[in-house]
Amino acid sequence: MEFSIKSGSPEKQRTACVVVGIFESRKLSIAAEQIDRASNGYLGDIMRRGDMDGKLGRTLLLHNVPNTLGDRILLVGLGRERDFSTKSYRKAIGAAIQALHDTGTADATFYLTELPLKKQSTAWKIEQAVIGMFENLYRFDECKSTAEKSRRALKRITLSVPRRNELEMGEAALKRGIAIGRACQLARDLGNRPGNICTPTHLAETAQNLARMLPLKATILERTDMEALKMGALLSVARGSRQDPKLIILEYQGSSSQNKPIVLVGKGVTFDSGGISLKPGEAMDEMKFDMCGAAAVLGTLQAVAELELPLNVIGVIPATENLPDGQASKPGDIVTSLSGKTIEILNTDAEGRLILCDALSYSARFMPDTIIDLATLTGACVIALGHVASALYSNNDALSKELGQAAEAALDPVWPMPLWEEYQEQLKSNFADMANIGGRPAGSVTAACFLSRFTEEMNWAHLDIAGTAWKSGAQKGATGRPVPLLMEFILRRAAEHRDAH
Ligand code: BES
Ligand code: MN
Ligand code: ZN
């Protein structure tokens, strides 16, 4: 797909399709009004006849509109004008892309980017439009022997800005949108790949390929390296697998090495059967998505390196399978983590925290300014927040607030959860420093409490993305979340950094 930015009147665009918005109760957007005037009230007539009511997400394709230079005009319903929000904006973009895709139009010029939105800049609208386009055009068919081909795929999209002096800023926003869109695409591809293809080795090779193409450094620690480091918790999960575990480190240095990095740690369980505490069979296939935290780290580092952002970011990914076997860890086994703390494994299905605690302890060596882990950690998180918000935990209120604001701007919501002392008690063990489970009540909270014991000296946040990283049912597939949130967070940090210099 080719994207470009342009400024000019909608009726004068020589393009296969001009995309303009219509509000409910026959209220035209500014671009639609311009077309209506040029065509002597053509759009107004259509709306009076009731062919387009302007309901959010409705579309109507028009041909041969008088006095316009484009081949077609696509009307997109925006809902009621006073309810028009960032969410409706994204929905309208999605509906428009879907309609264009269905007609097989090769190129289109979007005027939706000129719609007024309270508190949102043109740059935000362009960035979000591009991310939304990537999201809606995404298909995963690499495992189908014959891929569905659309009749004539969309090739060129032009996004309009209201004023000529906004072109340069528009180009920059476009570049960010493309990098984020591609990052989500990578994260989704990795998530959607089955466990027999997307192994720990596959994740490591993906990191190495990124390092070949971009200014990134990849380091892969093997089982023997982990043994030498004494990563007993991570190794205990890998015991039941015939696939070699990997600890993947991907480093981006965009500013002086004096500047402390943002470290992103992603859970990379490429298949979670539960181990000896075997999961029930229903929907177990979805446990191939248990590496979506790792996928988000790889996608985010790709985008950060593509954009050459002026800060330092490091990705750390503990990658392994969790399978039952004669060698596998058993309930009651006690292991010593890299930190020296001992853990009684009461349930081998609580493996995410075991691999993360060693990855977090390891990450302390990078002296992170901020460390954020991303993990499809608990089914309890899905019960608490469903598929809407990721759970946000942090030992630093300012960081929690910063992530909450980035999440809102990125339309990738999070919701704050407590890390109170009272919950820590549930992790007591009679035989080791702690147990790896805290019982059924507040399962997402006690998992976060477990991790908090390994991050006490760092500015740390944990995102439980169990409900948001993929969709089940007819739409089954990885979402790419929380890449949009992470990128927004990092871009804001990068902008601050630029302002400070
Ligand atoms: N990967 C799962 C969490 C999960 C389960 C995410 C279902 C999305 C849907 C994790 O490793 C796990 O199995 N957690 C257990 C923890 C329990 C044993 C304390 C869970 O949530 O059941
Ligand atoms: Mn598990
Ligand atoms: Zn898991």
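Student: Which residues coordinate the manganese ion (ligand 2)?
Tutor: This is a predicted model, where local features need pLDDT of at least 70 and side-chain atom pairs 80 or more, while totals for chains, interfaces and linings use all residues. Residues are numbered from 1 along each chain as written, chains are lettered from A and ligands numbered from 1 in written order, and side-chain values use heavy atoms, without hydrogens or water. Donors are N, O and S atoms within 2.8 Å of the metal (3.2 Å for Na, K and Ca), with water not among the atoms, so sites may look incomplete. At 2.0 to 2.2 Å, the coordinating residues are Asp272, Asp349 and Glu351.

Student: Which residue bridges the manganese ion (ligand 2) and the zinc ion (ligand 3)?
Tutor: The two ions lie 3.2 Å apart. The residue that bridges them is Asp272.

Student: How many residues apart are Asp272 and Asp349?
Tutor: Asp272 sits in strand S11 (residues 268-272), strands being DSSP E runs of at least two residues and helices H or I runs of at least four, numbered from the N terminus. Asp349 is in the loop between strand S14 (342-344) and helix H10 (352-363).

Student: Which residues in H2 meet H1?
Tutor: Contact means heavy atoms within 4.5 Å. From H1, Ala32, Ile35 and Asp36 take part. Their partners in H2 are Tyr42, Leu43 and Gly44.
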